[in-house]
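This briefing is meant for a reader who is meeting the structure for the first time.

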There are 2 protein chains.
Amino acid sequence: MSKLCNTTPRQDGFRMPGEFEKKDGCWLGWPSRSDVWRNGGKPVQKVWVELATAIATSESVTVAVGHDQYLNARGMLPDHIRVVEMSTNDAWFRDMGAMFLVNDATKEVRGLDWGFNAWGGLEGGLYFPWDKDDLAAAKMCEIERLDRYRGPMITEGGGLQCDGEGTLLTTESVILNPNRNPGMTKAEAEQIFSDYMRIDKVLWLPRGCKFDETDGHIDDLACFVGPAELLLSWTNDENDPQFEVYAEAFEILSNATDAKGRRLTIHKIHQPSPAVWTEEEAAGVDVTPDATQRLAGYKVMGSYINYYVGNSVVVVPEFDDPYDQPAQELLSQLFPDRQVIGLKNAREILLGGGNIACVTQPQYAAG
Amino acid sequence: MSKLCNTTPRQDGFRMPGEFEKKDGCWLGWPSRSDVWRNGGKPVQKVWVELATAIATSESVTVAVGHDQYLNARGMLPDHIRVVEMSTNDAWFRDMGAMFLVNDATKEVRGLDWGFNAWGGLEGGLYFPWDKDDLAAAKMCEIERLDRYRGPMITEGGGLQCDGEGTLLTTESVILNPNRNPGMTKAEAEQIFSDYMRIDKVLWLPRGCKFDETDGHIDDLACFVGPAELLLSWTNDENDPQFEVYAEAFEILSNATDAKGRRLTIHKIHQPSPAVWTEEEAAGVDVTPDATQRLAGYKVMGSYINYYVGNSVVVVPEFDDPYDQPAQELLSQLFPDRQVIGLKNAREILLGGGNIACVTQPQYAAG
């Protein structure tokens, strides 16, 4: 039903849209593993319901949940949110789920299913095993009756930022990391992006943010808000550990042109403070050999870039931080036709190592 | 996404189609529990693949399978069959799955989700627990984005035979059994069928066949092949234990009229011999307190009535029985526009207590 294509998306006329393009829906998982999420996932599940509900004001939302949490998730989520059974190892659908490609001529949508190894496999990956996560993309395509490509690379959606017009923004520290694709060269990676996402130009940044557990996903650092227009996380504090990362990215991107030869407009958005695990929070997490242990004092990078942009909303994390409000004001200016919704208690998601973008997978509409 | 309706299908203009009506697809589960299916389900799974493949020549087929068997099922089934993850207690989708109602005016389809207790719950039910089976109907509707009615009765699709024009054929031994609906009267049951399936007349038979573990589902005894036209399982051997059941049904149905006042044409189809569990077969089944134990010598009723009728096929069980061929010839006459396909080794399904009709759930097309 969901055919595995032996051709490439470029051959078949498919491209990867920009995340600001039109969507048919959005996919999320359901957080519950007690060695990642504190207190059995109960605090973060409440935030998840708020997140799914906010997105559902804009487009159809599907939450995929394993059999053991099915009734709880179905009970907690409003009726108009679709819940489907799907076993996973955790809930990072941007990274493990299918990406959706569109064919503008035929108005078709197909899935793109990269290899997934939990951000590094046995060399620094964040949990073990990741077998069920790696099946999620195929299962999504089966449910939606969409044909599927298997991308010949281990990578994650959160590491890939597209403008929808042939430009990809990504980081070397992720794509070329030996814990993903040992021995792969930049040229080989670029060929795969060309074949599978119809990318004509890759803008490489050397690295992502510090205290980002993914080896530096782009989705905490910078994203396209439209063609030739970027949002970049920022601080003016030269003593901040992220300063040099931001400055380096700004320098590179200021001098870059995109696939169409355009210079890039760069909007700076001030970062929030990182989250630091408290004693109480750390005490609520099971200690197992299967998941990265986050002790009291462990620091996780936060970012307003890690938002979800829907057809009519932008849902952005709130951290009880003085920069929450300025971030929402800037997003309102950049997306004047969309309602900007702050997600309270987004810290609960951040404690698990990511944020709103990381846990949402947009399903693009074809035409 | 799949709204639970508080109204009734009759109020909303929905009716239950006859099984010979047009379908959009067909749902099956996946047999694997080792205390029901011999040799870990491996023999029956091969038959299942043949069955799903035969139906898929006629309409889209979806196989629902729990996470533990997902990769095995996906690997065994051809690519053009959709596989979705769904945990169940066993694989009897006719009985536990959603029935599909149609609205001829609006061209809508909705699900009808009866209560399910594994054919009798703690009073003679066939396995324990049945909690996941009872969720299957809702999960099917969520996947298909169809609204759903919860029928206020415990019953199974295999116990309900409709003509699509207001007539229901069923058995008292199932519907009025205290192990399903204790204290329910015939009038109360008829009101529910009227409200939820738009039934204007119920043709009650007192009982189903002997050696039928469901307390006598109609789908081993008789079925509609069209409006006012029935197929009835039969033997001329007055010493056969089923003879009196068949004769009784023939007597009642010969004197009945349907919801539109029409007399019924009754075609007799000669039964196969029952299956008797061999020593070798019985030795391949786990003995647990959770499932009915079927020992060597245990007899299961077979029937050619227990077929699947698709848009362009009729898939009927074969038992290496002298009556296999005459049954297929009769079905070819009754369904001249459909290809009749005999399913070899259908004994493997029958050993589990049912057959092709029991494990398939047609999803009707609206108009």
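Two residues are said to be in contact if their C-beta atoms, placed from the backbone, lie within 7 Å. The model is a predicted one, in which local features need pLDDT of at least 70 and side-chain atom pairs count only at pLDDT 80 or more, while totals for chains, interfaces and linings use all residues. Residues are numbered from 1 along each chain as its sequence is written, and chains are lettered from A and ligands numbered from 1 in the order in which they are written.

**Chain A as a whole**
- Chain A has eleven helices and 18 strands, where helices (H or I, at least four residues) and strands (E, at least two) are DSSP runs numbered from the N terminus.
- Of the 367 residues of chain A, 53% count as buried; a residue is buried if 20 or more other C-beta atoms, placed from the backbone, lie within 10 Å of its own, exposed if 12 or fewer, and partly exposed in between.
- Among the contacts in chain A with a separation of 6 or more, 75% are between residues 24 or more positions apart.

**The two chains together**
- In the contact between the chains, 19 residues of chain B meet 19 residues of chain A, and β3 (82-85) and α5 (131-144) of chain B each supply at least two residues of the side of chain B that touches chain A.
- With four residues, β3(B) gives the most to that side.

- In helix α8 (residues 243-254) of chain B, the residues V245(B), Y246(B) and A249(B) are buried, and they lie on the same side of the helix because they cover an arc of only 95 degrees around the axis, an arc being that of the directions from the helix axis to the C-beta atoms.
- These buried residues of α8(B) pack against β9 (201-205), β10 (222-226) and β11 (229-234) of chain B, whereas the face turned away from them carries the exposed residues E244(B), E251(B) and S254(B).
- In helix α10 (residues 324-334) of chain A, the buried residues are A327(A), L330(A) and L331(A), which fall within an arc of 100 degrees and so line one face of the helix.
- The cover over the buried residues of α10(A) includes β12 (265-270), β16 (313-317) and β17 (339-343) of chain A, while Q325(A), E329(A) and Q333(A) are exposed on the face turned away.

- Most residues other than glycine have a negative phi, and most peptide bonds are trans.
- The peptide bond from F128(A) to P129(A) is cis, with omega near -10 degrees, and P129(A) is placed in the loop between β5 (108-115) and α5 (131-144) of chain A.
- R198(A), in the loop between α7 (186-197) and β9 (201-205) of chain A, has a positive phi near 55 degrees and counts as buried, with 23 C-beta neighbours inside 10 Å.
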